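This report goes from the overall fold to a few local features. The sequence and structure come first.

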Amino acid sequence: MVVTDLDGKIVEGKLRPSSDLPTHLVLYEAFAEIAGVAHTHSEYATAWAQARQPIPCLGTTHADYFHGPVPVTAIMEDHEIASHYETNTGHAIVRAFDQADCASVPAVLVANHGPFTWGKDPPSAAHNAVVLESVARMAYLTMAINHDASAISRELHDKHYLRKHGSNAYYGQAKDRR
């Protein structure tokens with residue numbers, strides 16, 4: 001792993017940073033609450049990205065982690081691809097969150113490309129990538145079984161998300177207060 005500063009200069013490690021570093025830097029600048037970004041080409045999430053379809057919240061596993069559908073970016077224009085592709089990929093992601101909250105939906109599908117996830121640190125971003133792939137697979141299978149499957153109710157979605165992430169979250173084990 002290579003660690004860089006927010007200008008892209010290497011501060012730790014001997015390898016080159018990812019070619020997607022400019023995308024990550026745009027995300028760090030736009031979304032102040034994140035401190036880790038992951039980019040994969042996992043099979044099911046990438047299939048949704050290639051289909052240019054958001055992943056709908058079809059069940060409570062999705063709702064436990066993402067407070068809304070996982071959005072897909074707009075298709076990038078030829079001039080965005082030809083010049084500063086990775087930076088423009090970051091801008092496409094930021095635009096996808098004009099109507100969504102990056103903290104409550106820590107994932108996006110880049111149209112025709114693949115998923116990006118983020119979190120409060122690199123392990124959280126990686127965890128969100130694993131969860132996203134699982135959710136993408138379940139959504140695919142659900143839609144294959146029932147083409148008419150629809151999103152869960154807002155009430156059920158909110159209940160599952162907010163019991164883990166809301167101001168009055170109560171899901172899971174109590175924190176040891178010693």
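What share of the contacts in the protein chain with a separation of 6 or more comes from residues 24 or more positions apart? Such residues account for 63% of them, a contact being heavy atoms within 4.5 Å.

The model is predicted: local features need pLDDT of at least 70, side-chain atom pairs count only at pLDDT 80 or more, and totals for chains, interfaces and linings use all residues. Residues are numbered from 1 along each chain as its sequence is written, and side-chain values use heavy atoms, with hydrogens and water left out.

**Overall fold**

The protein chain has 7 helices and 5 strands, taken as DSSP runs (H or I, at least four residues; E, at least two) numbered from the N terminus. Their order along the sequence is β-β-α-β-α-α-α-α-β-β-α-α. The C-alpha trace spans about 50 × 45 × 25 Å along its principal axes. Of the 178 residues, 39% are buried; buried means under 20% relative accessible area, exposed over 50%, and partly exposed in between (1.4 Å probe, protein chains only).

**Local features**

The buried residues of helix 1 (residues 21–30) are L21, T23, H24, L25, V26 and L27. Their cover includes the elements tabulated here.

| Element | Residues |
|---|---|
| Strand 3 | 36–39 |
| Helix 5 | 85–96 |
| Strand 5 | 114–119 |

Strand 1 is also part of that cover. V3 lies in strand 1 (residues 3–4) and is partly exposed, with a relative accessible area of 31%.

H160, in helix 7 (residues 154–165), is buried at a relative accessible area of 13%. Leaving aside neighbours within four places in sequence, H160 is in contact with T60, A63 and D64.
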